[in-house]
Amino acid sequence: MFKLRKAEPRDVPDILRLIKELAKYEEMEDRVLLTEKDLLEDGFGEHPFYQCILAEWQEEQSNEEPRVIGFAMYYFTYDPWTGKLLYLEDFFVVEEFRGKGIGSEILKLLSHLAMKTRCGSMHFIVAEDNRSSIEFYKRRGAEDLSKEEGWRLFRFDKDSILKMAAPAEE
Amino acid sequence: MDFKIRAAKQEDCKEISRMIIELAVFEKMQDQVKISTQELERDGFCSNPRFECQVAEVSEEHKSSQGYTVVGYTLYFYTYSTWMGPTVFMEDLYVMPEYRGKGIGKGLMSKVAQVGKEKQCTRLQLTVLDWNTRSLDFYIMKGARDMTASEGWHALRFDGEALDKLAAEAPKD
């Protein structure tokens, strides 16, 4: 059986493990550059950049320690048209534990959190070839803004940022 | 024409609200604007601000035909990448039409890059509408990559009834 709870500093090794498993599923595992130290500072320091929910599994009638087998990392963003938003950055359940309703329960908990904190909506991105995830979200009422409204995600990497941030030549 | 880029103050929210609506009209989505100047003030200038804002200001002698001296803005906030760490997300960037072509947009975006760099951000992200070719070209020329085209990323949203329904089914505390 499973239980959902808020992540604590001691969970950072498990969070990083699951981040890497999700990146592997997205076929981009070599892009994870964060360390446990970064995650600890960024999530549990003076100015947290993210919040995290964990899913723990414990076999019935077992004395073993519960195992962390799923997570959702989120933070709050802002839409100048509607106000606060909950942004879901990562959402993953280990393969052997899928199909048990864990993902569904995590999503419901996040929606409840969004309502409680006065967020008008919950946003996230999905890779278009991740058909099973897109179906999961659409079945529950999500809209694909890229497809329906034409929004495209753009990114400047570190080199471009440094270039733009440099003072202009006189 | 000289202009100044500076951090927005609470008093600027009235002008920022005006320009948010102008940008929404340009994006053909003005019916989606629901928040008021008061809510912007509350959310941006409280003890735990939800966003930051920079404005572009011109002198009195260059004020607009309707008398405005605040002629552009950018609204941004900090997000997190589980691969790379802190990121800055530029939610809005807008310059009034009569003030374009003078380097104001570039100035506002550079300011966001500078602020992001100070906060150790490794990425600056934004979304653009696919028909907005002038903006697409502007960002690409400055080094941005279209992640929707190159990696297939789509933006999804739960709101309204769908969000209410999910929330109602959440496990009780």
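Tutor: Start with B:Q120, which is exposed at a relative accessible area of 60%. Exposed means over 50% relative accessible area, buried means under 20%, and partly exposed is in between, with a 1.4 Å probe and protein chains only. This is a predicted model: local features need pLDDT of at least 70, side-chain atom pairs count only at pLDDT 80 or more, and totals for chains, interfaces and linings use all residues. Residues are numbered from 1 along each chain as its sequence is written, chains are lettered from A and ligands numbered from 1 in the order in which they are written, and side-chain values use heavy atoms, with hydrogens and water left out.

B:Q120 sits in the loop between α3 (104-118) and β5 (123-129) of chain B. Helices (H or I, at least four residues) and strands (E, at least two) are DSSP runs, numbered from the N terminus. The phi of B:Q120 is near 60 degrees. That is a positive value in a residue other than glycine. A:R118 lies in the loop between α3 (102-116) and β5 (121-127) of chain A. Its phi is near 65 degrees, again positive in a residue other than glycine.

Back to chain B. B:C121 also belongs to the loop between α3 and β5. B:C121 is buried, with a relative accessible area of 3%, whereas B:Q120 is exposed. Contact means heavy atoms within 4.5 Å. Leaving aside neighbours within four places in sequence, B:C121 is in contact with B:Y78, B:P86, B:T87, B:V88 and B:G116 from chain B, and with A:I161 from chain A. Compare B:S110. It is 11 residues from B:C121 in sequence, and their C-alpha atoms are 14 Å apart.

Two packed helices are described by the angle between their axes and the distance between the axes. Helix α6 (residues 158-165) of chain A crosses α3(B) at roughly 115 degrees, and the axes come within 8 Å. Axes are lines fitted to C-alpha atoms, for helices over the stretch in contact, and angles run from 0 to 180 degrees between N-to-C directions. The crossing of α6(A) with α3(B) is left-handed. A crossing is left-handed if the near helix is turned anticlockwise from the far one by less than a right angle, and right-handed if clockwise. Ala, Val, Leu, Ile, Met, Phe, Trp, Tyr, Cys and Pro count as nonpolar, Asp, Glu, Lys and Arg as charged, and the others, Gly among them, as polar.

Another link between the chains runs through A:R155. It lies in strand β7 (residues 151-156) of chain A. At 8% relative accessibility, A:R155 counts as buried. Not counting residues up to four places away in sequence, A:R155 touches A:R31 and, in chain B, B:R123, B:L124, B:Q125, B:G143, B:A144, B:R145 and B:M147.

About 1,000 Å³ of space lies in the second largest pocket. Of its 32 lining residues, the closest to the centre are A:H47, A:P48, A:F49, B:P49 and B:Y78. B:Y78 is also one of the contacts of B:C121. On a 1 Å grid over the protein atoms alone, a pocket is an open set of points where a 1.4 Å probe fits, with protein on both sides within 12 Å along at least five of seven lines; lining residues have an atom within 4 Å of a point. Grid points are joined across faces, edges and corners, and a volume is the space filled by probe spheres set on the points. The largest share of the lining, 4 residues, comes from α2(A). By class, the lining has 17 nonpolar, 8 polar and 7 charged residues.

Chain A has 6 helices and 7 strands. Chain B has 6 helices and 7 strands. Buried residues make up 52% of the 170 residues in chain A and 53% of the 173 residues in chain B.
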